[in-house]
Amino acid sequence: MPLKSPRIPPIKAWLSLRRVTIKRRLMAAFLITSMMPVIFVAVYSNMKYEAATHAKINSYSTQILDEVTRNASDELQQYETLSENMIMNDSIQEGLQQFSKMSDYEKSKLYKRILNELSVQIFGISNISNIMILNNDGQTLFDLGYEMYPRNGLFNMLSSTNNSPGNAYWSYIRSNRGTHTITLSRIIYSKDNLNLKLGYVIIFVDEKVFSQNVYKHVNLGTGSEVFISDSKGMVISTVSPKIPHGKSYAQKEVFDPIKQQFQKDTKLHAFNTDVDHQGYLVTSSYIRSADWFLIGMIPKAFILAELTDMRRNIVALCVFTLLGSGGISMWIYFSISSPMRSLLQYAKRIRMGQLDTTIGTPYADEMGKLTETIDNMVERLKDLIYQVEAEQQAKREAELKMLQAQINPHFLFNTLNSLKWSAMLGGNQAVMEGLDSLSVLLQNTIMVKEEMIPLSQEIDNLNHYATIQRIRYGDSFSLHCDIPQELANYPVLKFLLQPIVENSIIHGTGEDGRRVDIQVTARLIEHKVRIVISDNGKGFDVEELQTQASSRSKLSGIGTQNVHERIVLHFGKAFGLDVCSIPGEGTKAEIILPFEVEGGNPLV
């Protein structure tokens with residue numbers, strides 16, 4: 001029956017690398033050990049470099065916006081100074097108080113007087129597009145007339161001015177011609193009674209010129225955006241065509257986080273956000289005088305642009321490492337697979353019986369040692385084959401000699417049968433029975449090759465042996481055998497009982513001529529077969545026997561020691577022969593054998 005390979009447990013088989021070829025294992029090992037450090041260092045360096053770049057850009061962009069905020073505050077301050085001078089101007093104060101009583105001629109003269117008084121200040125600021133002075137009813141006292149504006153927009157502006165803290169409201173309005181304009185509106189109070197509101201002054205600033213003066217040339221990076229929004233998120237000023245004036249831009253993504261930061265601790269921090277599916281780093285600065293926010297948006301693409309070359313170099317390094325590792329792994333794989341293939345071919349030749357071939361000179365590595373070991377094994381195998389062939393040849397010669405020797409037993413049996421018939425014809429019954437028993441014993445000894453025979457056959461051999469011994473010793477002994485039927489077929493070692501009975505016949509008889517009775521009994525007790533051979537002969541001293549060279553007396557040509565050793569050899573040390581004797585009373589020998597073999601099956 002062919003041997004079955006041991007079954008590998010499913011989990012162990014799944015975890016075992018032996019399911020993968022050596023080539024793939026080597027490739028994986030080299031790729032992992034070479035690529036993992038490169039990838040780890042690359043990822044770690046990229047993260048650190050990106051964080052450092054973010055921090056650097058955040059720092060310098062914040063500094064730039066803070067500087068632009070100071071410039072914007074200085075720019076706005078000159079408009080506020082102009083508005084304060086106009087509020088405190090006597091002509092304006094008097095004109096607003098007397099406006100309802102003045103004729104058109106008087107209003108014209110007042111207009112020219114105000115223009116003459118403030119022309120140096122007004123025209124000293126180049127980006128002023130218009131100035132309007134209105135009374136409480138919205139009637140125009142002074143208007144440069146450069147631009148016209150929607151009346152609804154102006155009235156909404158005046159309404160917001162009334163609710164503005166600090167009497168300075170900065171806002172945005174678009175002229176009728178579409179010019180983007182920044183406005184500063186303030187309430188004019190009487191110099192003599194600060195609770196008396198006389199009207200409004202509105203300064204219109206060209207947003208395009210303002211942005212050019214303040215932040216147009218500020219560059220936070222390629223694709224960056226800079227704009228100004230009021231406290232509600234409406235865009236006041238921008239140089240980007242994609243950011244609309246007078247409307248909110250990216251309210252949730254940009255302005256709401258800025259407003260939340262400002263309301264929380266009045267400190268503004270940079271943050272990342274996505275606008276129109278593009279990532280930005282948003283920085284901002286607060287313009288306190290106008291309650292505006294200067295906002296800068298730097299694209300992540302610009303921030304990470306410096307990382308592109310490094311990432312490209314990392315990819316090239318990974319590819320180079322991959323190719324190098326693959327080449328080295330294949331080189332090492334071939335250095336292992338080539339001798340392995342040679343060993344496999346060598347093993348196939350050995351299996352086919354070609355034992356005269358060798359692999360060649362082994363190298364000093366493990367495969368070379370394995371090759372040397374296999375060569376030594378093959379040499380040993382050839383020696384064993386030669387030894388087996390020699391033994392087989394010797395066995396054939398022994399069988400031939402045995403075949404030749406079988407002629408002598410047959411000749412002996414024929415001779416004994418002839419003597420038996422001669423004794424019978426001559427009327428000598430004792431000689432006839434002795435010759436018959438001797439013939440049977442010789443046949444069982446020489447012709448029967450089995451070592452185990454039934455107990456009943458062993459008893460028959462014992463009776464034949466006793467018949468032969470009566471020719472010599474006559475009626476000096478008697479043999480009685482008591483074997484139950486259940487043990488008749490119990491297998492025992494051939495000639496197990498004869499040496500012990502021989503001891504009783506030869507050594508049991510005394511000089512007084514007393515007849516020795518020999519009893520042979522067999523019983524099954526506690527799953528053990530106990531065979532007892534006892535006699536009432538002269539006995540012997542057991543202690544004196546133990547002092548002899550043999551631990552048991554050699555009672556016959558075979559000897560009881562041989563009987564004991566045969567039992568132990570076949571059945572184990574738990575079984576054997578036990579002899580006890582009392583001088584003058586007799587000898588008792590007990591043989592203990594197993595009734596069942598391993599597995600619980602009886603020997604019968």
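**Salt bridges**

I began with Arg523, which at 35% relative accessibility counts as partly exposed (buried is under 20% relative accessible area, exposed over 50%, partly exposed in between, with a 1.4 Å probe and protein chains only). The model is predicted, so I kept in mind that local features need pLDDT of at least 70 and side-chain atom pairs pLDDT 80 or more, while totals for chains, interfaces and linings use all residues. Residues are numbered from 1 along each chain as its sequence is written, and side-chain values use heavy atoms, without hydrogens and water.

I found that the side chain of Arg523 meets that of Asp482 in a salt bridge at 2.7 Å, N to O (a side-chain nitrogen of Lys or Arg within 4 Å of a carboxyl oxygen of Asp or Glu). This pair links strand β14 (residues 516-525) with strand β12 (residues 477-482), 41 residues apart; strands are DSSP runs of E of at least two residues, helices runs of H or I of at least four, numbered from the N terminus. Asp482 is likewise partly exposed, at 37%.

I then looked up Arg186 and Glu84, whose side chains form a salt bridge at 3.7 Å, N to O. Arg186 lies in strand β4 (residues 180-189) and Glu84 in helix α2 (residues 22-87), so the pair ties together parts 102 residues apart in sequence. Arg186 is buried at 10% relative accessible area, whereas Glu84 is partly exposed at 38%.

I also noted a salt bridge between Arg530 and Glu590 at 3.1 Å, N to O, and the count by this rule comes to eight.
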